[in-house]
Amino acid sequence: MKYIVLLRGINISGKNKINMSELKKTLEENNYKNVITYLNSGNVILESESTKEDISKNIYNIIKNTFNLDIPIFVTTFTELEDVLNNSPKWWATDSKEIYDNLICIIPPTKYEEVYSEIGEPKENIDQIKEYNNYIYWSFDLKNYRKSTWWIKTASTDIKDKITIRTANTIKKLIDICKK
């Protein structure tokens with residue numbers, strides 16, 4: 001089974017540093033197959049016969065023991081992420097230069113309602129969100145991002161360690177890599 005593993009908050013502004021080639025090697029040494037890393041922000045594609053829950057726990061422990069970091073881990077299957085991409089709203093991922101499109105991946109056991117309750121109502125004419133299968137499509141007006149309720153609160157509230165965010169382009173690329 002092909003899985004996509006997203007590490008939350010690594011290699012950002014010199015914090016939580018993990019060398020992707022070292023991570024790849026470490027995962028391969030722990031019996032993960034066909035490991036591919038994409039970008040330096042903790043995107044990993046791998047194959048395993050384990051469950052998502054077991055992979056999440058195992059990779060969490062590997063990172064804790066190898067890199068001495070406490071990093072939230074999000075695991076999904078290629079099929080699930082492809083379904084999310086195929087069911088995106090028409091306004092999401094349009095390649096508009098004025099709009100920034102993200103996918104918020106909610107780390108279990110957290111649910112959408114908890115994220116929404118913590119972050120609150122999207123700012124009218126700036127933020128746009130839609131939930132699908134415990135993922136959140138989120139777009140915001142790039143010129144007004146500092147006024148975005150969601151932009152401010154996804155990084156500054158208690159919810160930040162229960163989600164990980166990727167751009168629409170990164171999600172599309174991960175799906176393309178999986179198809180090869």
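Helices here are DSSP runs of H or I with at least four residues, strands are E runs of at least two, and both are numbered from the N terminus. Keep that in mind for the whole talk.

A word on the model. It is predicted, so local features need pLDDT of at least 70 and side-chain atom pairs count only at pLDDT 80 or more, while totals for chains, interfaces and linings use all residues. Residues are numbered from 1 along each chain as its sequence is written, and side-chain values use heavy atoms, with hydrogens and water left out.

Salt bridges come up now. Side chains of opposite charge can pair when their charged atoms come close. My cut-off: a side-chain nitrogen of Lys or Arg within 4 Å of a carboxyl oxygen of Asp or Glu. By that rule there are six salt bridges.

For exposure, buried means under 20% relative accessible area, exposed means over 50%, and partly exposed is in between, with a 1.4 Å probe and protein chains only.

Next, Lys52 and Glu80. Their side chains meet in a salt bridge at 2.9 Å, N to O. Lys52 belongs to helix H2, residues 52-67, and Glu80 to helix H3, residues 78-86, so this pair ties together parts 28 residues apart in sequence. Lys52 is partly exposed, at 25% relative accessible area. Glu80 is also partly exposed, at 31%.

Now Arg8 and Asp161. Here the closest N and O atoms of the salt bridge are 3.8 Å apart. This pair links distant parts of the chain, 153 residues apart. Arg8 is in the loop between strand S1 (2-7) and helix H1 (20-29). Asp161 is in the loop between helix H5 (149-156) and strand S8 (163-167). The C-alpha atoms of the two residues are separated by 7.4 Å.

What else does Asp161 touch? Leave aside neighbours within four places in sequence, and Asp161 is in contact with Arg8, Pro72 and Ile107. Contact means heavy atoms within 4.5 Å. Asp161 counts as partly exposed, because its relative accessibility is 41%.

On to helix packing. Two packed helices are described by the angle between their axes and the distance between the axes. Axes are lines fitted to C-alpha atoms, for helices over the stretch in contact, and angles run from 0 to 180 degrees between N-to-C directions. Under 35 degrees is roughly parallel, over 145 roughly antiparallel, 65 to 115 roughly perpendicular, and the rest oblique.

Take H4, residues 112-119, and H5. Their axes come within 9 Å and cross at roughly 110 degrees. H4 and H5 are therefore roughly perpendicular. From H4, Val115, Tyr116, Glu118 and Ile119 meet Thr149, Trp150, Lys153 and Thr154 in H5. That contact divides into four nonpolar, two polar and two charged residues. Nonpolar covers Ala, Val, Leu, Ile, Met, Phe, Trp, Tyr, Cys and Pro; charged covers Asp, Glu, Lys and Arg; the others, Gly among them, are polar.

Last, H3 and H6, the latter spanning residues 168-179. They pack at about 135 degrees, axes 10 Å apart. H3 and H6 are therefore oblique to each other. Phe78, Leu81, Glu82 and Leu85 in H3 meet Ile171, Lys172, Ile175, Cys178 and Lys179 in H6.
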